[in-house]
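Subject: Structure handover and notes on helix packing

Hello,

Please find the structure below, followed by notes on what was found in it.

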Amino acid sequence: MSSKQDHNPLCVQVTYQHLKTSTFSLDVDLKLPNSGVSALFGPSGSGKTTLLRCIAGLEPNKQSSITLNGEIWQSGTKSIYSPAHKRPIGYVFQDANLFPHLSAKENLQFAIKRANSAQPIISYKDVIRLMNIEAILSQYPAQLSGGERQRVAMARALLIQPKLLLMDEPLSALDDALKQEILPYLEQLCRRTSIPIIYVSHSLDEVIRLADYMVVLDKGRAIEEGKTQSLLGKLGTSFSRYQDASVVVSGAVTRQEPKWGLSWISFDNQTIAFKQGDEKLGDLIRLRIQSKDVSLALSKQDNSSILNRLSVLIDDLERDPKDPSMIMVRLLAGTTTILAKITTLSAHNLRLEKGQTIIAQIKSVAVLS
Ligand code: ADP
Ligand code: MG
C-alpha cells in the first residue's frame, strides 16, 4: 500500500441493526485502501449488502461514520449526514436495474445528468470503449442479454463520475458462460480506472481474480481483513480450510518458448511455467495455485512430468480440524507463500517439520491476469 493510501483510506465505521427486534446486527470498523478493489467476502446473510447500503446512505443509521479521502459523508459524533443522492457513489447491483422504458443510451444519459460533473473521472467515450457497448446503445433492456445489461449497468455507474464504486454480486445472477464473458470487462474496469471499488461476492474465485484487499464478513462482523495475497497464504483462517484454498503468485514474464506454448514468470529467484497466452516479456502476471495441486517431495525428481518444481521452506503446518486425514503445509518460496494440501499420513511418512527445505511440485496453475 502506498503512503497516500495509508493516509487517506476509506474509513467505514458502522454499527447498525435493521429493527430493534432483529437478531442481526452489523458492527464493523474498516480502513480500506482508497484505490483498487476491496472485496467484501462472506456467506449469504453475513451483512454484505447491508454494509454497502449503509455506505451509500440507504439505511438510516446516523450513529455510524463514513469518510473517503478526508471527505466526511457521515459522522455520528459530528452530527454530519449526507443523504444518499449527495454521495458520489456508483452502485452496480446483482441484476442490472436499468429503466426498462429507456434505451441503453437513454439509461446512460440519465446517469450523465446526475453526474458529479465538477470532477469528471472518466470520459463517455472511454466508458463506452471499456464496456464495449457502442453497438447496443439503441437497444432496450429487454432486447439485451443478461451480460450486456450488466455491462450497460457498469457503464451507467461509471458515468455518475463516482468517487467510489459499490458492486453487489454483479455476476451472481449470470450463468457460468456469461460470467466468463463479463469477467474480463470487470477486470478492465478494476485495473483501468482510479476509482476505489468495494466488490461484494460470495465467490472466492471472483475475489481472487479481482481484489487487492479483502474483508471477510461473518454474522455482521469483520473476522479477517488484509491484502488478498497475504490473507490467502495464512493458516488458521477460513480460507486455508476452504475447499479451494489457493494462493496468488505474481511476477514478470521472463521467458517464452512458443515452440512449447509456455511462458515463465520469475519471482524471488524462482520461476514458474504456465500456458502461453497473449502476454509479452516483462508483463506482470498473477497466477493462482490451488493447494490441492501442490505435492511435496524430499528431492527433485528428474523422472517426473511435473514442470514446476520449486525448492521451498516449510513455514508451518495445520491439520484440518474438520478432516484429520488432511494437513495444510505453508511453504515459503523466498518471501512468497505457497500452500500444499497433502494427507496427514504423507506428512508423517516424509517427517515434515517447520524449517525443513523441500521440493514443491506444482501440477497446475491458472493465469489470473
Ligand atoms: P448478505 O448481503 O451478506 O447476504 P444482507 O446484508 O442482505 O446479507 O443481510 C444480513 C441480515 O440482515 C440477514 O439476516 C437478513 O435477513 C437481514 N436483513 C436484510 N435486510 C433486512 C431488512 N430490510 N429488514 C430486516 N432485516 C434485514
Ligand atoms: Mg447480499
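In these notes, an axis is a line fitted to C-alpha atoms, for helices over the stretch in contact, and angles run from 0 to 180 degrees between N-to-C directions. Helices (H or I, at least four residues) and strands (E, at least two) are DSSP runs, numbered from the N terminus.

This is a predicted model, in which local features need pLDDT of at least 70, side-chain atom pairs count only at pLDDT 80 or more, and totals for chains, interfaces and linings use all residues. Residues are numbered from 1 along each chain as its sequence is written, while chains are lettered from A and ligands numbered from 1 in the order in which they are written.

H5 and its neighbours

Helix H3 (residues 104–114) and helix H5 (residues 146–159) have axes that come within 8 Å and cross at roughly 20°. That makes H3 roughly parallel to H5 (angles under 35 degrees count as roughly parallel, over 145 as roughly antiparallel, 65 to 115 as roughly perpendicular and the rest as oblique). The crossing of H3 and H5 is right-handed, meaning that the near helix is turned clockwise from the far one by less than a right angle. On the H3 side, the contact is made by Ala104, Asn107, Leu108, Ala111 and Ile112, and on the H5 side by Val152, Ala155, Arg156 and Leu159; two residues are in contact if their C-beta atoms, placed from the backbone, lie within 7 Å. These residues divide into 7 nonpolar, 1 polar and 1 charged. Here Ala, Val, Leu, Ile, Met, Phe, Trp, Tyr, Cys and Pro count as nonpolar, Asp, Glu, Lys and Arg as charged, and the others, Gly among them, as polar.

Within H3, Ala104, Asn107 and Leu108 are buried (20 or more other C-beta atoms within 10 Å of the residue's own; exposed is 12 or fewer, partly exposed in between, with C-beta atoms placed from the backbone). Seen down the axis of H3, these buried residues fall within an arc of 95°, so they line one face of the helix; the arc is that of the directions from the helix axis to the C-beta atoms. H5 is part of what covers them.

Helix H6 (residues 176–192) also packs on H5, with axes that come within 9 Å and cross at roughly 15°. H5 and H6 are therefore roughly parallel, and their crossing is right-handed. Gly146, Gly147, Gln150, Arg151 and Met154 of H5 meet Leu178, Glu181, Ile182, Tyr185 and Leu189 of H6. That contact has 5 nonpolar, 3 polar and 2 charged residues.

For helix H4 (residues 124–131) and H5, the axes come within 10 Å and cross at roughly 155°, so the two helices are roughly antiparallel. H4 passes H5 in a right-handed crossing. Tyr124, Val127, Ile128 and Met131 of H4 make the contact with Arg151, Met154, Ala155, Leu158 and Leu159 of H5. Of the residues involved, 8 are nonpolar, none is polar and 1 is charged.

Other points

Helix H2 (residues 48–56) has 7 of its 9 residues buried, so it is largely enclosed by the rest of the structure. The buried ones are Lys48, Thr50, Leu51, Leu52, Arg53, Cys54 and Ile55. Just after H2, Gly57 takes a positive phi of about 80°.

Leu307 is in the loop between strand E16 (294–297) and strand E17 (308–320). Leu307 is partly exposed, with 17 other C-beta atoms within 10 Å. From Val127, Leu307 is 180 residues away in sequence and 41 Å away in space, C-alpha to C-alpha.

Regards
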